[in-house]
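Welcome! Please take a look at the structure below before reading on.

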Amino acid sequence: MRFRPTLGLLALVTLLATALLPVAPAQAEMTVKLATLAPEGTVWYRAVRTIADRWSEISGGQVKVKIYPGGVVGNETAIIRKMRIGQLHAGAVTSVGLGDIESSAMVTQSPMLIHSYDELDYVMEKMSPKFEAALLDKGFVVLSWSDAGWMHLFTKGPLLLPEDAAKFKMFAFEGDPAAIEAYKASGMRPVVLAATDVLPGLQSGLLSGFPTTPLAALSQQWFALAPHMLDVPWAPLLAATIIRRETWESVPEQFRADFLKAARAAGLEARREVRRQDRKAIEVMQKYGLTVHRAPEGGQARWQEAASRAWPVIRKEMVGDAIFTEAQGHLEEYRSSK
């Protein structure tokens, strides 16, 4: 009898042959853990939320970003420390956090060195590639630059002149002893704390003032316990979203260019929004008890002189002579062109 394969047998053979074919590995999902001090609902949180949503969209859900907002994992020093050991992969931090990695970008935070956002933008246009290269050498990739606003001095009572600054126990970020010396050189009385301890510090009397941006003072509700603001711009506070180099290089290469483009766009939008909202935040706080004090006649110059006393410490101990001199040079270029 001649053998004739039946349809059922042919189907079985086809099924077995298919089962023996090598199976292409499924694309593994990747979760990037990102932390920030910014509370939910703030402009800075919305920026990282936008990055998370765009990265998921670009990668078809292959790369997800899990956000830890509001300082739930600790202050910026803790965020950087946990990034170093891989517990976190990314962070949205200020120049204070960046200073825990590489201090060069903190030159922009030198008190009363930079006088306007136009000057800040000019300095960053010239120097951000150098900052990014220095951070990359330390194992961190800058995804975007933004702003946290312009710092002012908030105190429990009126502070009008620099000679009165020592009466107030001013919050200073923990982490860099040179920054504390810079505070002292400008006439302040620093009290070193984690940013997450500012509110209880104000409540207990451990602190009686702090330098921060109006938008941050409002979003963190610190101003309610230090309801006097000196309307002398102290320094711009940079913001950046960074990622561990090792994590970034684990992102599938086909996504990286679009991921970076999305992050940069989110940073620029946040910068525009922060600048728009920072002055409006003052108006909101005034409705809830904030008193804004203008420096008396000649006071602005006295504050400028006091602030400049911190520059030698920043130049020598924090950012280095070359970086500080370069920043001053760019400022001179910009000012001479106006």
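## About the model

This is a predicted model, in which local features need pLDDT of at least 70 and side-chain atom pairs count only at pLDDT 80 or more, while totals for chains, interfaces and linings use all residues. Residues are numbered from 1 along each chain as its sequence is written, and side-chain values use heavy atoms, with hydrogens and water left out.

## Two helices side by side

Two packed helices are described by the angle between their axes and the distance between the axes. Here, the axes of helix α6 (residues 177-185) and helix α12 (residues 311-319) come within 9 Å and cross at roughly 175°. Helices are DSSP runs of H or I with at least four residues, strands are runs of E with at least two, and both are numbered from the N terminus. Axes are lines fitted to C-alpha atoms, for helices over the stretch in contact, and angles run from 0 to 180 degrees between N-to-C directions. α6 and α12 are therefore roughly antiparallel to each other, a term for angles over 145 degrees.

Which residues of α6 meet α12? Ala178, Ala179, Glu181, Ala182 and Ala185 do, and their partners in α12 are Val313, Ile314, Glu317 and Met318; contact means heavy atoms within 4.5 Å.

## Open pockets

On a 1 Å grid over the protein atoms alone, a cavity is a set of points where a 1.4 Å probe fits but cannot get out, and a pocket is an open set with protein on both sides within 12 Å along at least five of seven lines; lining residues have an atom within 4 Å of a point. Grid points are joined across faces, edges and corners, and a volume is the space filled by probe spheres set on the points.

The largest pocket has a volume of about 540 Å³. Of its 35 lining residues, Leu37, Ala38, Glu76, Thr94 and Gln220 lie nearest the centre. By class, this lining has 22 nonpolar, twelve polar and one charged residues.

The second largest pocket holds about 210 Å³ of space. It is lined by 13 residues, and Met124, Trp145, Ser146, Leu268 and Arg271 are the closest to its centre. Elements giving two or more residues to this lining are α5 (117-137), β4 and α10. The lining divides into five nonpolar, three polar and five charged residues.

How many cavities of 30 Å³ or more does the structure hold? There are two. The largest cavity has about 320 Å³ of space, and among its 23 lining residues Met106, Gln109, Ala179, Tyr183 and Met318 lie nearest the centre. Helix α6 gives the largest share of that lining, four residues. By class, the lining has 15 nonpolar, five polar and three charged residues.

The second largest cavity has a volume of about 30 Å³. Its lining consists of Asn75, Glu76, Thr77, Val96, Asp100, Phe173 and Glu174.

## An aromatic pair

Rings of Phe, Tyr and Trp (its six-membered ring) pair if their centres lie within 6.5 Å; planes under 30 degrees apart count as stacked, over 60 as edge-to-face and the rest as tilted. The count comes to twelve aromatic pairs. One of them, Tyr122 with Tyr334, is tilted, at 5.4 Å centre to centre and 50° between the planes. This pair links distant parts of the chain: Tyr122 is in helix α5 and Tyr334 in helix α13 (residues 321-336), 212 residues apart.

Note on methods
Angles under 35 degrees count as roughly parallel, over 145 as roughly antiparallel, 65 to 115 as roughly perpendicular and the rest as oblique. Ala, Val, Leu, Ile, Met, Phe, Trp, Tyr, Cys and Pro count as nonpolar, Asp, Glu, Lys and Arg as charged, and the others, Gly among them, as polar.
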